[in-house]
Amino acid sequence: MPIDQGRREDDEPGLLDEVADKLGFRARLKRNPALALAYRIGVGVIGTAVAVLGLALVPLPGPGWLIVFLGLGILSTEFAWAERLLEFGRRTLRSWLRWLGRQHLAVRALVSLVTLAFVACVVGLTLHLSVGLPFVTG
């Protein structure tokens with residue numbers, strides 16, 4: 001299979017390639033190499049910023065991992081390595097959820113309690129460090 005001149009050898013089609021082909025988006029980028037490079041850099045910067053923000057939010061309650069996956073989704077539109085990493089994350093999450101679903105109710109309850117305790121500790125520590133509320137009273 002010949003390598004497309006607009007892509008590097010290690011790149012595979014991204015998630016939105018079919019839509020981009022139908023809209024003629026990629027064809028316009030191929031006609032202007034400087035625009036294609038600027039677009040690729042822009043996608044890289046924005047996707048990396050979103051993924052890093054998500055990683056910073058992972059220990060806090062909220063959608064940290066969801067934001068990381070969103071950043072990888074943005075990156076995967078232009079970079080094959082990000083698409084592979086995103087797919088690895090999906091497979092890992094699916095296998096974890098299948099494993100957890102097969103466990104006894106007591107194991108699922110224990111995982112839930114440990115998760116809740118972790119979140120409570122992170123919230124307490126965050127409140128202590130940010131506004132000075134006592135983390136542990138006694």
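Mentor: Happy to! E87 is partly exposed because its relative accessibility is 28%, where partly exposed lies between buried (under 20% relative accessible area) and exposed (over 50%), using a 1.4 Å probe and protein chains only. This is a predicted model, in which local features need pLDDT of at least 70 and side-chain atom pairs count only at pLDDT 80 or more, while totals for chains, interfaces and linings use all residues. Residues are numbered from 1 along each chain as its sequence is written, and side-chain values use heavy atoms, leaving out hydrogens and water.

E87 forms a salt bridge with R90 (3.6 Å, N to O); the term requires a side-chain nitrogen of Lys or Arg within 4 Å of a carboxyl oxygen of Asp or Glu. The two sit three residues apart in helix 5, so about one helical turn separates them; helices are DSSP runs (H or I, at least four residues), numbered from the N terminus. R90, at 33% relative accessibility, is partly exposed.

Helix 5 spans residues 80-102 and gives the most to the nonpolar patch, with four residues. That patch, about 450 Å², is made by L93, W96, L97, W99 and V107. Patch residues have over 30% relative accessible area and no salt bridge, with nonpolar side chains (Val, Leu, Ile, Met, Phe, Trp, Tyr) joined within 5 Å and like charges within 9 Å; areas come from the Shrake-Rupley method with a 1.4 Å probe, and for residues only the protein chains shown count as cover. W99 lies in helix 5 and is partly exposed at 34%.
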